[in-house]
Every structure is written in structure tokens, then in C-alpha cells.
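Biologist: I would like a close look at a single part of this model, taken slowly and with the values spelled out.

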Amino acid sequence: MGLAELIQQALGVLLMAEQELLLFAGFWVLVGTADELAMDCCWLWFRLSGRARTTRISSDAVAAPLRGKAAVFIAAWQEEQVIGHTIRHALAAWRQDDFTLYIGCYGNDAATVCAAMEGAGLDPRVRIVIHERAGPTTKADCLNRLYRALNEDELRSGSRFRCVILHDSEDMVHAAELAVIDAALATADFVQLPVRPEPQPASRWVGGHYVDEFTEAHTKSLVVRDALGAAIPAAGVGCGFSRDMLERIAVGRRLEGSPGPFAAECLTEDYELGVLVSREGGRSRFLRVRDETGELVATRAYFPARLKESVRQKTRWIHGIAFQGWERLGWGGSMADTWMALRDRRGPLTAIVLASSYALVVVEGVLGIPRALGWDVPAMPGPPLLKWMIAAGLFSLLWRSFLRAALTTREYGVLEGVWAVLRIPVANYIAIMAGRDALVSYIRTLRGGQVTWDKTRHDAHPAAGGVAA
């Protein structure tokens, strides 16, 4: 076989791959475009009709006494760099006194215990709980230990807490958070506030892509979920549960052999907990509120700045939400719940479609070389619908880029809005790698692998004035 025949055969294989990739990626991009357009239309309608308004809170309301005692749970393992800043800032920012910070630590993590004690000082609003087991166990297990401490404190004091709020060790809370959650729980059983990733000049690409994704999700997607009455997943930070609802979930867990309301065998116990509120007949809310200065009442934090850590974190999210969520939560609920569950669990499919799309780009690039040299490289005929799929994909890319840039610009300024578009390929690459690793991780657990606390290490805190590296 001569060189010319080999080249012709190779080109034939590439042409076949081109068409198959076009059909596969084109179909799923078309489905995704329809899904996102439906979400965008709902959001625009709710905005125009006033059902998705961002409300305001006055300075007087921010400082008003709470309707009842609040417990704030923070699980900490090897968080000596940030836990002290989190505690000090929360104690200084929140103007109410009727709350207790429950900090879960481990006896074999002396650095974190010391940092927490230093941050707390002599403030009686801080309760450091040392887990009787050596760490790390799992975040859910640590939270269950805090829940047990809460129950013990209630028995000793004879008084009951009104709500439980979750936070992470690296969080910088907003001064109005307690007031907003406390007021909302008068008519709801669970409240989620936005999360605001902080820009990181040293990590514009990896750390910065969280800015774009959380802004879009917490400006649009969760707003639509709230307006539709669908289940609101808990983010694990800036979220509050009524004490009665948490106890109701804990009772159900105990019947399954769990010591508390948090599922130790689940990688995304916070997400699951939020969905269970709806399953228990409770009312969930996602609230966007601004203070008198116009600042969004949200939890600020630095997210992973390095590629490996970002992929590992998102692997855990996809594994817990897509695979474990399907397995543990099923598909119950309303039509809106089913739609949102499909969106939540599309991570693995998204990774495959994105990988196929980028493979198509590579194939087109290779085929473009002989065409640029003037070779006669015929294009294989495709179905008439294919050109409409391609057009829909191009429209989707342009529209998604515009909307993401607009939403990011609104919260962070024009410069971050421009970066939001430039970071799309980085976000896609992370999604592809995380989807692949999540599948491998899930298969490993099916073979008997144990769920571990695969946490992200934090070395910087927004309240410290430093910048994450």
C-alpha cells in the first residue's frame, strides 16, 4: 500500500469521525441549549413579573435581636490557617449575642484546636467540640458530633435553639446574615443565601472560574428554583435550618442507623440535606438580599486556586450530586424537582459532550491542513438537520458567553466580566477532568471503597487581607 492510499484511508477515518462527533455533540448541545433557554426564559419572566426581586435590609434590621437562639456549625480538620480568622470575623460582624459557634475539631489536630481557641478568646459564644475519634473522619460525621453537642447543651440548659446554620472553616460571613436567616425562618424551614467567591489576582483562570459559575447559579438558576417551588440544595455555607426540621430529618436518619441528620456516607451531605427538607414537606427558600450599601448578603471565600485541587473538589461534587444523588435520592417530587434534578446530575454527560466537542475541534483542525494546501478533501454528506444543530450550538455559545459576562460584570465589574468569557475553556477542561474522575471514584465505591473526607486545604482568608496563592 502506497503513501497516497494510506493518506486517503486516514482522511476517510477522520471524515467519519467528523460526522459522528458532529451528530453526537450537535444533538446534546441542542438539548442543552433548549434546557438553558427554558431556564433563561423563566428567569427573565420572574424578574419582569417581580417574583425574583432582590430585597433590601435596613441597618436597624441587621442589628435587631434574633427571634430565638441560633447555632452555627463549623467542621474543621487541618484548618489552622483560616479558622481563627473565621471565628474572629463572625464574632465582630454579627451584632446579636444570642448565637453559639460550634467548632468541631479533632484531638490529633492540635494546630487547628489552638487556632480556634485563639480566635475565640474568652468569648462565651464559641463552643469548641473535640471529636472523640481521631481525624479525619468525614465532614458529615464531624457535623453529627456537633449536633450531639447541641442536644446535650439543650438538655443542660432546658432551652432549645431555634435554628442551625452551616458554615465552612474558610468562610467570611456577612453582618446581615443572621438577621436575614432568622427572619426568613419565620415562614420557611430552610434558607440558603448566595455564595460569593473572591477574585484571586494570582489565579485569574482557575480560581476565577468559580466567580463566573457561582454568580450565574446564584443570580439565576437558584432564583428560578425558588420561584418554581422546587427543592433548594444546601451549599453547606450560609444556609439555615429550623431546629424542628433538622430534628425531623435526624429522626429519620436514626431509623437508618445514622447518629444524626448528616449522612456520613455521602460526599455532598449538605446538598442532600437541603433536598430532604422538601421531601419532608418543609418549605425552602433561596434569598438574594442587599444591605443599605448595596452589598449582597452572601458568604465570601477563596476557592481552589490550583488546577489539581479544583478538579479534585469538583470530582467530589459530581460524584456526590450526580451519582450518589441518583442512587440515594431517586427522582421523586414535582415536575420542577425532576427538571432541577436532571440539571444537577448532568455533570458526567456534560463532560462527555464537552470532550466530544473539543475532539471535533481537533479533527477539524487536522482536516483543515490538507484543505488549506489545496488538496481535494470531500466533506461527507450529513442529514439536513445537522446544519441547524451547528447553528444552535453557535448561538448557544454566543448567548451563554454574553449572559455569563453580563451577570459577572454586574457583581464584580467589567474586568471580571471580560475574564468570564476568556475563562470558559478553562471551566470546560475542569468539568471534563472532574467528570472522568467522578466516574472512576464512583466505580471504586461500588467495589467496596470507603468514602473519605477529601477536603480542600485553605491557606488564605478574605478577612485576613491576604490573597490566596
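Is the crossing of H10 and H15 left-handed or right-handed? Please describe that helix pair in detail, and then go on to the salt bridges.

Modeller: The crossing of H10 and H15 is right-handed, and since this is a predicted model, what follows describes computed geometry. Two packed helices are described by the angle between their axes and the distance between the axes. Here helix H10, which covers residues 307-329, packs against helix H15, residues 424-446, at an angle of about 55°, and their axes lie 7 Å apart. Angles from 65 to 115 degrees count as roughly perpendicular and those under 35 as roughly parallel, so H10 and H15 are classed as oblique to each other.

On the H10 side, the residues that meet H15 are Leu307, Ser310, Val311, Lys314, Thr315, Ile318, His319, Phe323 and Glu327. On the H15 side, the residues in contact include Tyr429, Ile430, Met433, Ala434, Gly435 and Asp437, and also among them are Ala438, Leu439, Ser441, Tyr442, Thr445 and Leu446. Sorted by class, the contact of H10 with H15 has 12 nonpolar, 6 polar and 3 charged residues.

Turning to the salt bridges, the count for the model comes to 42. One of them joins the side chains of Arg300 and Glu198, with 2.9 Å from N to O. Arg300 lies in strand S11 (residues 299-301), whereas Glu198 sits in the loop between strand S7 (195-197) and helix H7 (206-228), so this pair ties together parts that are 102 residues apart in sequence. Arg300 is partly exposed, at a relative accessible area of 24%, while Glu198 counts as buried at 9%.

A salt bridge also links Glu256 with Arg253, where the closest N and O atoms are 3.9 Å apart, a value that still falls within the 4 Å cut-off. In this pair Glu256 is exposed, with a relative accessible area of 62%, but Arg253 counts as buried at 6% relative accessibility.

In a further pair, the side chains of Arg423 and Glu416 meet in a salt bridge at 3.0 Å, again taken from N to O. Arg423 is buried, with a relative accessible area of 1%, and Glu416 likewise counts as buried, at 5% relative accessibility. Beyond these pairs, salt bridges that share partners join Asp35, Glu36, Asp40, Glu216, Lys220, Arg343, Arg346, Arg400 and Arg404 into one network.

Notes: Residues are numbered from 1 along each chain as its sequence is written. This is a predicted model: local features need pLDDT of at least 70, side-chain atom pairs count only at pLDDT 80 or more; totals for chains, interfaces and linings use all residues. Side-chain values use heavy atoms; hydrogens and water are left out. Axes are lines fitted to C-alpha atoms, for helices over the stretch in contact, and angles run from 0 to 180 degrees between N-to-C directions. Helices (H or I, at least four residues) and strands (E, at least two) are DSSP runs, numbered from the N terminus. Angles under 35 degrees count as roughly parallel, over 145 as roughly antiparallel, 65 to 115 as roughly perpendicular and the rest as oblique. A crossing is left-handed if the near helix is turned anticlockwise from the far one by less than a right angle, and right-handed if clockwise. Contact means heavy atoms within 4.5 Å. Ala, Val, Leu, Ile, Met, Phe, Trp, Tyr, Cys and Pro count as nonpolar, Asp, Glu, Lys and Arg as charged, and the others, Gly among them, as polar. Buried means under 20% relative accessible area, exposed over 50%, partly exposed in between (1.4 Å probe, protein chains only).
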